[in-house]
Amino acid sequence: MPPLLEVRQLVKRFGAMTVTASVDLTIERGEIHAVIGPNGAGKTTLMSQIAGEIKPDEGTILFEEADITSLAAHARAALGIARMFQITRVFPASTVLENVMLAHLSTRGHGFRFWKNVHTDRDSRSAAISFLQRVGLESRQETPAGTLSHGEQRQLEVAMVLAGDPKVLLLDEPTAGMGPEETARMVALLSGIKGQQSLLLVEHDMQTVYQLADRVTVMVYGRTLASGTVEEIRRNEAVREAYLGDEKGQEERDA
Amino acid sequence: MTFRTFSYLVFIGFFMTLPLWADVFHTRLFTRILIFALLALSLDLVVGYGGMVSFGHAAFFGTGAYMTGMMSLHGITDALVVWPAAAGAAMLIALPIGALSLRTRGAYFIMITLAFAQMAYYFASGLETFGGSDGMRLLARNTIAGKEILVRHDFFYYAAAGSLAAAFLLCRRLTRSRFGLILGGIRQNEKRMQSLGYATYPYQLTCFVISAALAGLAGALMANETLYISPSYLHWTQSGHALVMVILGGLGTLAGPVLGAIVLLLLEEILSAFTQHWMIVLGPLLILVVLYARGGLHGLWPQKKVSHATTP
Ligand SMILES: Nc1ncnc2c1ncn2[C@@H]1O[C@H](COP(=O)(O)OP(=O)(O)OP(=O)(O)O)[C@@H](O)[C@H]1O
Ligand SMILES: [Mg+2]
């Protein structure tokens with residue numbers, strides 16, 4: 001079976017700096033593919049190109065075998081590519097419920113409905129509430145999203161991407177800036193969807209990656225240093241030297 | 001009964017009965033206030049709900065007025081035809097203006113809508129059939145189903161009040177609908193809406209065009225009230241005036257622009273009776289409101305619960 005999403009020889013330059021240097025990457029159906037790498041490696045930029053917010057200079061992106069390289073961001077979202085941002089971007093003045101409704105309704109036909117009150121529409125409401133239950137925010141429905149704590153906003157983000165019923169989810173550091181408790185909650189949430197949801201995960205924390213990922217790609221200076229299963233990456237010498245140096249030392253000390 | 005409900009009832013009672021006890025001067029003054037409230041309401045739909053700061057709404061106001069004048073030159077004088085036609089003409093003008101202006105954002109959007117309105121202003125000034133820059137008198141107010149009842153100032157007052165009430169209820173539905181929810185999302189974060197799969201442009205354009213229809217209706221009403229049309233309808237100060245009403249009353253609420261229009265026009269009326277330099281008094285007052293009452297005058301009112309633009 002061909003992969004769900006395939007990135008071929010992608011190149012992106014910002015001025016003289018090559019931020020994406022001939023990157024190849026595939027996401028299989030139902031797998032969690034993690035991308036790791038030091039700060040500035042180009043992980044977010046890669047994700048932005050897949051989501052369609054940044055146009056690559058060279059290369060192709062295939063989604064369900066169709067070339068989507070020149071498709072606009074909203075068209076890709078409509079195909080089922082959903083992105084969760086590294087920086088939280090909920091709609092602060094809208095309630096938690098409205099935020100999820102916006103995400104959910106984007107999959108339910110056009111929005112040129114001018115008459116019916118959307119806030120009292122049973123179907124949209126109950127669907128939105130079910131997603132809030134999945135992330136544990138159902139008690140916060142009527143709260144303006146801007147007043148939620150950081151961790152809660154990240155949970156809301158997850159509810160929003162899930163509500164869009166995506167075929168592939170792009171998550172950029174979902175636990176960034178979270179306390180240990182909130183992180184644990186987010187990881188549990190993601191474990192819960194593992195196997196059902198194809199996912200591209202950018203993550204700094206190695207423990208989280210090992211816990212969640214099926215496959216891992218390591219990026220350094222815009223290049224892919226290595227790609228393989230969690231076990232292969234753990235054993236890969238180049239990776240250990242370039243990126244996991246600390247952890248290697250840790251393991252040796254543990255041993 | 002809460003204070004909020006009570007104040008609304010007093011407010012509505014005042015405006016419903018006004019022509020019964022007020023003299024002609026005040027009836028006409030309040031007629032103009034209601035018409036400007038309609039213009040401010042239409043502008044708030046674009047600015048407060050859509051997040052598009054249009055500085056060119058005078059173009060649509062003027063289009064409504066000139067459409068009324070043009071139809072009267074051709075002997076079409078019934079309000080049931082003329083007023084919808086005025087709204088329709090404003091929509092037709094708004095479609096290309098909006099389509100082009102919405103290619104820009106922020107300050108550029110302000111400038112380009114202003115530029116289009118100025119073009120319309122100079123265009124109207126050159127229309128010799130309509131008296132060029134002097135403007136043109138209208139012979140009589142529009143009829144309703146052939147009857148000349150709007151000649152009476154009190155009846156015309158109710159026509160204006162009815163139009164405002166209808167527009168208000170329409171906007172209320174609109175802002176609470178799925179369309180309104182989406183519009184609120186676009187206002188807060190357009191990029192994010194796109195990443196959710198919304199093509200934001202057609203929603204913004206639709207909002208812009210609907211708003212223009214209400215501004216056009218306001219223009220037709222004003223042409224009827226003053227029996228006079230001139231390029232001054234399209235002058236940029238007209239757009240600015242309406243923006244001040246919206247900001248003073250409260251952006252992103254429906255009652256706000258109505259309140260803003262009432263307060264601003266009454267203040268202008270009262271202050272100008274005392275001094276020629278009423279602007280000097282009004283200016284600082286506006287600055288105070290902007291600085292200390294973020295939600296405008298409407299925001300000072302006791303609110304129901306959480307208040308935010310998508311559910312006023
Ligand atoms: N719009 C831009 N213009 C110029 N340079 C950019 C732009 N966006 C990113 N960069 C640069 O590209 C490089 C890669 O950035 P990117 O955000 O993709 O890294 P990252 O791997 O996501 O890093 P982090 O782990 O810190 O999130 C960085 O050096 C960054 O400064
Ligand atoms: Mg990043």
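Which atom in the side chain of His204(A) faces an oxygen atom of ligand 1, and at what distance? An N or O atom, at 3.1 Å. The model is predicted.

## Ligand 1

Ligand 1 is surrounded by 13 residues. The closest are Gly40(A), Gly42(A), Lys43(A), Thr44(A) and Thr45(A). Gly40(A) contributes a polar backbone atom, 2.9 Å from an oxygen atom of ligand 1. Thr44(A) contributes a polar side-chain atom, and here the distance to a ligand oxygen is 2.6 Å.

Helix 1 of chain A spans residues 43-51.

## The six-stranded sheet of chain A

Chain A holds an open sheet of 6 strands in the order 6-7-8-3-9-10. The pairing is mixed. Strand 6 (81-84) and strand 10 (223-229) are the edges; each has a single partner strand, so one side of each lacks a neighbour in the sheet. From one strand to the next the twist averages 15°.

Strand 9 (residues 215-220) and strand 10 of chain A pair antiparallel, over 6 bridges. Val216(A) has Gly228(A) as its bridge partner, and Arg215(A) stands opposite Thr229(A).

Strand 3 and strand 8 of chain A run parallel and are joined by 4 bridges. Strand 7 and strand 8 of chain A also pair in the parallel sense, over 5 bridges. Val202(A) takes part in both pairings. Its bridge partner is Val35(A) in one and Asp172(A) in the other.

## The four-stranded sheet of chain A

Another open sheet of chain A has 4 strands, in the order 2-1-4-5, with antiparallel pairing. Strand 2 (17-27) and strand 5 (66-67) stand at its edges with a single partner strand each, so one side of each has no neighbour in the sheet. Strand 1 and strand 2 of chain A run antiparallel and share 7 bridges. Phe14(A) stands opposite Met17(A) of strand 2.

Glu6(A) sits in strand 1 (residues 5-14) of chain A. Its side chain makes a polar contact of 3.1 Å with that of Arg8(A). Beyond neighbours within four places in sequence, Glu6(A) is in contact with Leu25(A), Thr26(A), Thr60(A), Ile61(A) and Leu62(A).

Helix 5 (residues 150-163) of chain A packs on the six-stranded sheet and touches strand 6 and strand 7. Its direction makes about 175° with that of strand 6.

## Helices of chain B

Helix 6 (residues 153-176) of chain B has 24 residues. It reaches 35 Å from first C-alpha to last, close to the 34 Å expected at 1.5 Å a residue. Its buried residues include Phe156(B), Ala160(B), Ser163(B), Leu164(B), Ala167(B), Cys171(B) and Leu174(B). An α-helix has 3.6 residues a turn, so residues three or four places apart point the same way. The cover over the buried residues of helix 6 includes helix 1 (3-21), helix 2 (24-49), helix 4 (79-101), helix 7 (178-188), helix 9 (200-226) and helix 11 (255-274) of chain B.

Phe60(B) lies in helix 3 (residues 58-73) of chain B. Is Phe60(B) buried or exposed? It is buried, with a relative accessible area of 1%. Leaving out residues up to four places away in sequence, Phe60(B) touches Ala90(B), Ile93(B), Ala94(B), Ile97(B), Phe208(B), Ala212(B), Ala215(B) and Gly216(B). Phe60(B) and Ala218(B) are 158 residues apart in sequence, yet 9.0 Å apart in space, C-alpha to C-alpha.

Technical notes: Residues are numbered from 1 along each chain as its sequence is written. Chains are lettered from A and ligands numbered from 1 in the order in which they are written. This is a predicted model: local features need pLDDT of at least 70, side-chain atom pairs count only at pLDDT 80 or more; totals for chains, interfaces and linings use all residues. Side-chain values use heavy atoms; hydrogens and water are left out. Two strands pair if DSSP finds at least two bridges between them. Helices (H or I, at least four residues) and strands (E, at least two) are DSSP runs, numbered from the N terminus. Axes are lines fitted to C-alpha atoms, for helices over the stretch in contact, and angles run from 0 to 180 degrees between N-to-C directions. Contact means heavy atoms within 4.5 Å. The expected span of a helix is 1.5 Å times one less than its number of residues. Buried means under 20% relative accessible area, exposed over 50%, partly exposed in between (1.4 Å probe, protein chains only). A residue is near a molecule or strand if one of its heavy atoms lies within 4 Å of it. A polar contact is a pair of N or O atoms within 3.5 Å; within protein, one must be able to donate a hydrogen and the other to accept it, and residues adjacent in sequence count only if both atoms are side-chain atoms.
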